[in-house]
Amino acid sequence: MAEALKLTTRDFQSDQDVRWCPGCGDYSILANVQRVMPELGVPRENFVFISGIGCSSRFPYYMNTYGMHTIHGRAPAFASGIKASRPDLSVWVVTGDGDGLSIGGNHLLHTIRRNIDLQILLFNNRVYGLTKGQYSPTSRLGMKTKSTPEGAIDHPVDPIAFALGASATFVARTVDVHASHLKYVLERAHAHKGTAFIEILQNCPVFNDDEWLEVEDRKQRADTTLVLEDGKPLVWGSEGQRRGIRIENGIPSIVKLADDQDPAARGVAIHYERHESPAYAFALASLQRPEFPVPIGVFRAVKRPTYETMLEDQVTSAIEQRGRGDLRALLHSGDTWTVEA
Ligand code: SF4
């Protein structure tokens, strides 16, 4: 711990040349992750960054920590194995909308439902960048890309709803260039015991420029972004444009508010992260532009035992009852047979 307290941002910068396109949102995410790491009180040798394939998956090269650039969509599987065998490590998964939700959708789902104590950062730029601009599982309906010249006809996956559907215990959304918010969400995710899933809205200036301009641009974001704060009303909007979200029977609607009006008097919902039922968080996940603002912040944070803790308990209990096992004896026990040539 004493060593961890002395670490600086520089300690987490590797000697590798960063090879993302100029202006890519990944630069900002990397800089902010490197800024947060020294403050987490974890020795540098206890951090592990695991990625799959894609632009975002170059991340472990740029972190001066342990890490693995693994195979397409399988980062959650590698990370699960590492965390199950070394629960003392701080294990982070970096993936993208294609890697995590298409090729690796199955792996992501099962990792989240097990509640393994990992931080999963999903960079969502709504396009395949590394392979030069095909539509991804999060591309909007009608979005024209190299592989959808007439417009996408697949209904998109919403990453937040996906994570909630997999029973995630911590679900959040933040923005690549929103440094203070990104830092806050990373710290919250690290403090959570269990799988912390974070969608990071990320700009790909080469193949899908300005996809998130409304929430990235300082001048626009007051009227397009709903910042979730536990215990505070769901209110957004600049002066004269103040609005609130009312949720009735799970269905959200917008109410107009005067600048000095008490939101509670108009039935505006109060944000609460710890609902056992995911229904409220699902209602927030359904808020989509252009009708609604984009919610950012922590949608849900609930407690549930972690997979690695329960695994360790089972192993300890089995050893107490039956003693330490002998793998060779086990393999040669019971119903065995010899295959004759
Ligand atoms: Fe970033 Fe897009 Fe370039 Fe990939 S293709 S590095 S996501 S700008």
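Valine 235 has glycine 244, in strand 9, as its bridge partner. The model is a predicted one, in which local features need pLDDT of at least 70 and side-chain atom pairs count only at pLDDT 80 or more, while totals for chains, interfaces and linings use all residues. Residues are numbered from 1 along each chain as its sequence is written, and side-chain values use heavy atoms, with hydrogens and water left out.

Strand 8 and strand 9, the latter covering residues 243-248, run antiparallel and are joined by 2 bridges. Strands here are DSSP runs of E, at least two residues long, and helices are runs of H or I of at least four, numbered from the N terminus; two strands pair if DSSP finds at least two bridges between them. The open sheet has 3 strands in the order 8-9-10, paired antiparallel. Strand 8 (235-236) and strand 10 (251-256) each have a single partner strand, so one side of each lacks a neighbour in the sheet.

I turn now to the cysteines. Cysteine 204 is buried at 9% relative accessible area, whereas cysteine 21 is partly exposed at 40%. Buried means under 20%, exposed over 50%, and partly exposed in between, with a 1.4 Å probe and protein chains only. How many disulfides are there by the rule applied? The count is 0, a disulfide being a pair of cysteine sulfur atoms within 2.5 Å.

Finally, the surface. Phenylalanine 78 lies in helix 4, residues 75-85, and is partly exposed, with a relative accessible area of 31%.
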